[in-house]
Amino acid sequence: MQPVEIQSYRFKLENLDGQDFIDTLHQILAFRDFPAELLSSIIDSINSGKHILSDDICKIIISTGSKELYTLARSRNLLSTWEYISLLKSGFIDSEIEQKLVEELYRCFRNDAEPRRTYIVEAMLENGGKESLKILEVIEYELVPLIPDRKYDASENGLKAAELKSMESFLETVRNARE
């Protein structure tokens, strides 16, 4: 990106609001790498109260590796579990990311309708540390007794059979992540 183009985007980020601001941000995000020269404008925008989607903040953090933007977003609770998953998967390592995901995984691992649990385990598989290994061991320990030795016949109780299959599949995902 040429210096004049960066200056143009900086001017837009600093002076536009609402949808025009978001559209400009999306134009910048369409480039392969977010220009580090625009980070201060993003941080100033957040500090001035401009709304930036959490997914967009996450993309900028991943692209730039900015600890400052991450710290600001974290301190303002601008990141959801999904963004923490993306950050861990990308290799953006921070002990608080892993801790938040450990806590969230423990809260939701028994819920077969919860999609985040598998995504969290997959992120832990890619870049998790000691805390990830600990929680995966605990989850395996707590899940095994919940799975009966005998298989349910779908005609006997279709919902129970589906729940059992989901639980077994998740347990297998946990075991694969621990290996």
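Helices here are DSSP runs of H or I with at least four residues, numbered from the N terminus. Glu140 lies in one of them, helix α9 (residues 130-143). The model is predicted.

## Overall fold

The chain has 10 helices and zero strands. Read from the N terminus, its elements run α-α-α-α-α-α-α-α-α-α. The radius of gyration is 21 Å, well over the 16 Å that the globule rule gives for 179 residues, so the chain is more spread out than a compact globule. Along the principal axes, the C-alpha atoms fill a box of roughly 70 × 35 × 25 Å.

Buried residues make up 37% of the 179 residues. Take the contacts between residues at least 6 apart in sequence: 64% of them join residues at least 24 apart.

## The nonpolar core

In soluble globular proteins, nonpolar side chains tend to be buried together. In this model, the largest nonpolar core holds 48 residues. Which of them touch the most other members? They are Ile42, Leu69, Leu87, Leu105 and Met124. Helix α10 (residues 158-178) gives the largest share of this core, six residues.

Leu87 shows what such a position looks like. Leaving aside neighbours within four places in sequence, Leu87 is in contact with Cys58, Ile61, Ile62, Tyr70, Leu79, Phe92 and Ile97.

Ile42 belongs to helix α3 (residues 39-47), where it is buried along with Leu39, Ser41, Ile43, Ser45 and Ile46. What covers these residues includes α1 (3-15), α2, α4 (54-64) and α5. After α3 comes Gly49, with a positive phi near 95°.

## Helix α8

Met124 sits in helix α8, and is buried there with Arg117, Ile120, Val121 and Ala123. These five cover an arc of only 160° around the axis, which puts them on the same side of α8.

How far does α8 reach from its first C-alpha to its last? The helix spans residues 116-127, 12 residues in total, and reaches 16 Å. That is close to the 16 Å expected at 1.5 Å a residue.

## Single residues, buried and exposed

Under 20% counts as buried and over 50% as exposed.

| Residue | Relative accessible area | Class |
|---|---|---|
| Cys58 | 2% | buried |
| Thr24 | 4% | buried |
| Cys108 | 5% | buried |
| Glu140 | 15% | buried |
| Asn77 | 65% | exposed |
| Glu179 | 76% | exposed |

Thr24 is found in helix α2 (residues 18-29). Not counting residues up to four places away in sequence, Thr24 touches Tyr9, Lys12, Leu13 and Leu16.

Asn77 is found in the loop between α5 (67-75) and α6 (81-90). Its phi is near 55°, a positive value in a residue other than glycine. Most residues other than glycine have a negative phi. Asn77 counts as exposed, at 65% relative accessibility.

Glu179 is placed in the segment after α10. Glu179 and Leu87 are 92 residues apart in sequence. In space they are 22 Å apart, C-alpha to C-alpha.

## Cysteines

How many disulfides does the model contain? The count comes to zero. A disulfide would need the two sulfur atoms within 2.5 Å. Cys108 is likewise in no disulfide, with the sulfur of Cys58 as its nearest cysteine sulfur. Cys58 is buried at 2% relative accessible area, and Cys108 is buried at 5%. Cys58 is also one of the contacts of Leu87 listed above.

Technical notes. Residues are numbered from 1 along each chain as its sequence is written. This is a predicted model: local features need pLDDT of at least 70, side-chain atom pairs count only at pLDDT 80 or more; totals for chains, interfaces and linings use all residues. Side-chain values use heavy atoms; hydrogens and water are left out. Helices (H or I, at least four residues) and strands (E, at least two) are DSSP runs, numbered from the N terminus. The expected span of a helix is 1.5 Å times one less than its number of residues. Buried means under 20% relative accessible area, exposed over 50%, partly exposed in between (1.4 Å probe, protein chains only). The arc is that of the directions from the helix axis to the C-beta atoms. A nonpolar core is a set of buried Ala, Val, Leu, Ile, Met, Phe, Trp, Tyr and Cys residues joined through side-chain atoms within 4.5 Å. Contact means heavy atoms within 4.5 Å. The radius of gyration is taken over C-alpha atoms; the globule rule is 2.2 Å times the number of residues to the power 0.38.
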